[in-house]
Amino acid sequence: MDRVIIFDTTLRDGEQSPGASLTVEEKVDIAHQLARLGVDVIEAGFPITSPGDFEAVQRIAREVRTATICGLARAVPADVDRAYEALKDAEDPRIHVFISSSDIHLVHQIRKSRQEVLEITDAMVRRAKSYVSNVEFSPMDASRSEREFLVDILRVAVEAGATTLNIPDTVGYAVPEEFGNLIAYLIEHVPGADRVVFSTHCHDDLGMAVANSLAAVKRGARQIECTINGIGERAGNCSLEEVVMALRTRSDYFGIDTRIDTTQLYKTSRLVSNYTGILVQPNKAVVGANAFAHESGIHQDGVLKERTTFEIMDPRDVGLRESTLVLGKLSGRHAFKARLEELGYHLSPEDLNRAFARFKELADKKKTVSDQDLAMIISDEVRAPTEIYRVDHVQVSCGDHSIPTATVRLIGPDGTVLCDSATGTGPVDAVYKAVNRLIGVENRLIEYSVQSVTAGLDAIGEVTIRIEANGRVFGGRGADTDIIVASTRAYVNALNKLIAAAREPAVAVLSGDHG
Ligand code: KIV
Ligand code: ZN
């Protein structure tokens, strides 16, 4: 079957989601998971934007050897050079150069004539090509650009050595049939089109990013740029899990395959949600909590008789499966390790020790420990790289006639024990004030939400928060059977990120015309 290249930009465009700042460790961890998922290209970041982004791209280039690693660059020499610096150790490095092509952008934003834009494209694609053979070029805001000029700029890019031509619907303006027609037109009119791969990069402002990407594939595009959970600038990007499952489920219609191991989709979605603090809406296609839940009696009856009556996808194909092994407080280390391995988690002995201790703690409170609980343990205990402060103890007293009071004990850097109490308008407020007295970092809580990981009264509560400090937003999450403890963990998790970011060297200032 014909194949489409899956280009994941979770770590670049996805990280441009408001509040989704990721640490270097988190990015590296996500990149490894994307490689396990089988994506062909990982856009690891935009190296000129900050030392942290540079370091993340460099580490991913060095560590992830089974995918092409890509770095974004504006069409300016310093960006292209910096991207190469970060990527040069990759097995297959790709530099992605972009410049605006629509008149709206040329006149109002970059203030350059079309001729100047053509000359810059030529020079910068050539510069990228002098470093690497794998060069992608994007005319930004392509869907609102004049077709003849698009043909011109793409011709110049091909002549200068571009191997992938990416057509961004930067502002999510396109509709499927029109976007498909644009791709077909470009493939027909750009000289040398048969030597390059046409790609799509669709934003979801009108909720059509997946539909537009599929329409483009139908008309000849062979690379889809997408993100896990569809995160990204504003309303986000084309969602990887949706587009991949659409191609797979409707292979009768598209006749096109991907290299994705779909059984890794659910796990990857959870990992990205945990690290970014961006929750997955329950009715989200493919990975939402309700995506395979049947509420109506007629549907339940049908599914019990024959799954395919109301299910077009098998939940096991996206990595959701009934546990064959029920874990509880009597389960030993061997059963715990075996279950983790079945789920694809291969831990080092130290990580296994930490995860097992947390499992025992949880199994004391909960009768059975589900796969979702295990995923939570892994993301809390094993994949929580930014731990400057750790929550050691939380105690609250509250009720309708008492003043909510909280005592919090934290373990700080070098094992120092910090303990304090505070009162507040409610138990969470009291806990946050006690933490503020201990850590003392100015910030504003802008979002707080709580969800249950599994069903039942003993379910784990997962708290997701966002805090804002100096114009930057940091997400945090925490999970526990006690939601006050989960809230404390979430807050300390966000504060750890804030403190880690404050220690990073200053961020390079971009002139505003970045993707
Ligand atoms: O949306 C966009 O146009 C982009 C480009 C940098 C490809 O993200
Ligand atoms: Zn974009």
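Rings of Phe, Tyr and Trp (its six-membered ring) pair if their centres lie within 6.5 Å; planes under 30 degrees apart count as stacked, over 60 as edge-to-face and the rest as tilted. With that in hand, a search of the whole structure turns up seven aromatic pairs. The model is predicted, so local features need pLDDT of at least 70 and side-chain atom pairs count only at pLDDT 80 or more, while totals for chains, interfaces and linings use all residues. Residues are numbered from 1 along each chain as its sequence is written, chains are lettered from A and ligands numbered from 1 in the order in which they are written, and side-chain values use heavy atoms, with hydrogens and water left out.

**View 1. Aromatic pair Y253 and F254.** A pair of aromatic rings is described by the distance of the centres and the angle of the planes. For burial, buried means under 20% relative accessible area, exposed over 50%, and partly exposed in between (1.4 Å probe, protein chains only). Y253 counts as partly exposed because its relative accessibility is 48%, and F254 counts as buried at 15%.

**View 2. Aromatic pair Y432 and Y491.** This pair is stacked because the ring centres are 4.1 Å apart and the planes stand at 10°. Helices (H or I, at least four residues) and strands (E, at least two) are DSSP runs, numbered from the N terminus. Y432 belongs to helix α16 (residues 427-439) and Y491 to helix α17 (residues 483-503), so the pair ties together parts that are 59 residues apart in sequence. Both Y432 and Y491 are buried. Elsewhere, ring pairs join F336, F356 and F359 into a cluster.

**View 3. The zinc ion (ligand 2) and its donors.** D13 (OD), H201 (NE2) and H203 (NE2) coordinate the zinc ion at 2.0 to 2.2 Å. Donors are N, O and S atoms within 2.8 Å of the metal (3.2 Å for Na, K and Ca); water is not among the atoms, so sites may look incomplete. Along the sequence, the donor residues follow the spacing D-x187-H-x1-H. H201 and H203 are buried.

**View 4. The surroundings of ligand 1.** Twelve residues surround ligand 1, and the closest are R12, D13, T170, H201 and H203; a residue is near a molecule or strand if one of its heavy atoms lies within 4 Å of it. A polar contact is a pair of N or O atoms within 3.5 Å; within protein, one must be able to donate a hydrogen and the other to accept it, and residues adjacent in sequence count only if both atoms are side-chain atoms. Polar side-chain atoms lie close to oxygen atoms of the ligand: 3.1 Å for D13, 2.6 Å for T170 and 3.0 Å for H203. Taken alone, ligand 1 exposes 260 Å², and the protein buries 100% of that; accessible areas come from the Shrake-Rupley method with a 1.4 Å probe, and for residues only the protein chains shown count as cover. β5 (93-100), β6 (134-140) and β7 (164-169) are the elements that give two or more residues to the shell.

**View 5. Helix α8 (residues 209-218).** Eight of the ten residues of α8 are buried, so the helix is largely enclosed by the rest of the structure. Among the buried ones are A209, V210, N212 and L214. After α8 comes G220, with a positive phi near 120°.

**View 6. N229 and N470, with positive phi.** Most residues other than glycine have a negative phi. N229, not a glycine, has a positive phi of about 65°, and N470, not a glycine either, has one of about 50°. N229 sits in the loop between β9 (223-226) and α9 (240-249), and N470 in the loop between β15 (461-469) and β16 (472-480). N229 is buried, with a relative accessible area of 12%, whereas N470 counts as exposed at 79% relative accessibility.

**View 7. E350 and A355 in helix α14.** E350 is found in α14 (residues 349-365) and is exposed, with a relative accessible area of 52%. A355 of the helix counts as buried at 0% relative accessibility.
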